[in-house]
Amino acid sequence: MSTKNYEVAVIGGGIVGCAVAYYIAESGLDCILIEKNDIASGTSSRCDGNLTIVDKDPGFDSHMSLVSQELIEDLHHKLNLPFEYRKHGSILVCDNDDEMQAAADWVKTQRESGLKFNVLDQKDIRNESPFFAHDIPGGLECETDSLINPYLFCYSLIEKAQGSFGLDVKIQAEVTNIIKDDDFTIETTNGNVRAKKVVNAAGVWAPFIGKMLDLDIPIIPRKGHILVGSRQEPVMMRNVMEFGYLMNKFGRERIADERTAEHGVALVLEPTESQNFLLGSSRQFVGYDSSIDIQVIQTIAKRGLRFFPKMDDFKIIRSYTGFRPFTEDNLPIVSDVEEVPGFYIAAGHEGDGICLAPVTGKLTADIVNEKSETIIPKEPLRFNRFEKSKVLS
Ligand SMILES: Cc1cc2nc3c(=O)[nH]c(=O)nc-3n(C[C@H](O)[C@H](O)[C@H](O)COP(=O)(O)OP(=O)(O)OC[C@H]3O[C@@H](n4cnc5c(N)ncnc54)[C@H](O)[C@@H]3O)c2cc1C
């Protein structure tokens with residue numbers, strides 16, 4: 001019996017793979033999504049759900065996020081299953097006057113590129129939430145930022161793509177080898193799949209898929225811890241980060257105590273739709289070790305109390321870790337691969353994969369369909385921007 005030959009196989013059922021499969025199937029191609037466990041069982045269920053520009057570098061980085069925010073608004077209307085989409089904007093708070101000055105400069109630059117940023121003073125911050133410490137000098141806001149539940153979003157994309165565009169989904173199927181002849185044979189623990197084109201959307205595991213075709217994909221895991229606080233009274237409606245988060249993310253110098261610096265901790269507080277809250281986060285290069293480190297948890301809690309001292313008597317109900325797929329220039333790889341025609345990569349989104357999943361999905365569909373005009377420029381995200389011999393360690 002001959003095996004079906006798909007036009008496209010997408011490997012990895014995280015938020016990026018789901019968005020890629022959605023837009024490819026929507027474009028009319030016969031597509032299958034292959035996932036080794038269940039949908040959203042990787043980083044996309046061990047993270048926050050912020051679609052933010054507030055933490056993006058001005059320029060291309062911000063532009064990608066803005067396009068993604070527009071796409072998510074569109075998907076909010078098109079998809080059948082709700083995914084807790086909330087568009088309240090987000091805020092970034094400062095710890096001291098130096099950060100306040102840097103925040104004012106950040107707002108100026110972002111506004112010059114047409115983005116909806118505003119400076120917030122001490123009174124504005126107090127009006128945001130009664131839980132804030134009184135000595136916070138101020139911060140800034142980005143009006144267009146939003147929140148989703150990434151886990152529900154993955155299932156919502158899949159439900160629509162299966163029901164309306166004929167997407168096939170194969171779960172509990174770990175890809176173990178890929179053979180390239182005229183097309184691709186993808187060997188999995190749950191049978192083989194044939195496809196003319198393959199998209200590697202395996203997040204921090206993308207390098208292992210790359211190795212199957214002798215490719216070095218320079219992505220490494222950057223671990224993050226999150227604490228989940230239980231509902232008491234609403235803390236606030238929008239996502240909050242501290243200015244130091246930008247310093248950690250972009251690897252810039254930051255004044256912080258030893259533990260905070262060592263664990264790469266900066267405040268992120270996300271209110272969930274049920275008004276529990278997610279408190280994070282940390283950034284560490286410790287390989288694929290997903291265990292909880294109690295010292296990191298303590299550092300995050302301490303940082304939370306700096307900004308929200310009244311949280312002292314709130315209950316923390318659990319904690320978890322996830323791996324951000326890190327690239328050295330803080331941009332994802334969304335690209336064809338010259339060495340292996342028909343093979344594509346959509347991975348390496350570090351702390352931005354939730355935000356950038358929609359634009360990544362659409363851009364990948366444009367590239368796979370060989371469109372001359374793509375939704376955003378594809379050059380900055382090309383795989384060949386990395387030196388061939390360089391593999392991060
Ligand atoms: C603590 C933390 C907080 C974060 N907060 C945010 C945020 O607020 N906003 C934001 O934009 N981003 C955030 N991120 C980043 C975001 O979560 C990631 O960038 C995103 O989830 C990556 O999605 P992905 O689909 O590339 O990877 P994943 O979700 O990991 O999906 C990859 C999938 O590939 C599968 N796979 C791997 N190997 C194989 C194989 N051999 N065969 C078949 N399938 C395979 C895995 O099982 C997995 O399901 C955060 C990350 C962390 C860790």
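Predicted model: local features only at pLDDT ≥ 70, side-chain atom pairs only at ≥ 80, totals over all residues.
Biologist: Fine. Which domains does the shell around the ligand draw on?

Modeller: At least three residues come from each of domain 1 (5-46 + 150-218 + 329-385) and domain 2 (90-143 + 220-326). In total, 41 residues surround the ligand, and Gly14, Gly42, Gly203, Gly224 and Gly353 are the closest. Helix H1 (15-26), strand E12 (220-229), strand E16 (316-326) and helix H10 (353-368) each give two or more residues to that shell.

Biologist: What's the shell like by class?

Modeller: You'll find 19 polar, 15 nonpolar and 7 charged residues there.

Biologist: How do I read the packing of H1 and H10?

Modeller: Look at the angle and the gap between axes: here about 40° and 8 Å. Then check the hand of the crossing, which is right-handed for H1 and H10. On the H1 side the contact includes Ile15, Val16, Ala19 and Val20, while H10 brings residues including Gly353, Ile354, Ala357 and Pro358. By class, that contact counts 12 nonpolar, 4 polar and 1 charged residues.

Biologist: And Ala201, is that residue buried or exposed?

Modeller: For that you count neighbours: 20 or more other C-beta atoms within 10 Å makes a residue buried. Ala201 has 32, so Ala201 is buried. You'll spot Ala201 in the loop between strand E11 (191-200) and helix H6 (206-211).

Biologist: Which residues does Ala201 contact, leaving aside neighbours within four places in sequence?

Modeller: Among them are Val10, Gly14, Val16, Val20 and Ala346.

Conventions
Residues numbered from 1 in each chain as written. Near = placed C-beta within 6 Å. Helix = DSSP H or I, 4+ residues; strand = E, 2+ residues; numbered from the N terminus. Nonpolar A, V, L, I, M, F, W, Y, C, P; charged D, E, K, R; others polar. Domains from an automatic or database assignment. Axes fitted to C-alpha atoms, helices over the stretch in contact; angles between N-to-C directions. Left-handed = near helix turned anticlockwise from the far one by under 90°. Contact = placed C-beta atoms within 7 Å. Buried ≥ 20, exposed ≤ 12 C-beta atoms within 10 Å, placed from the backbone.
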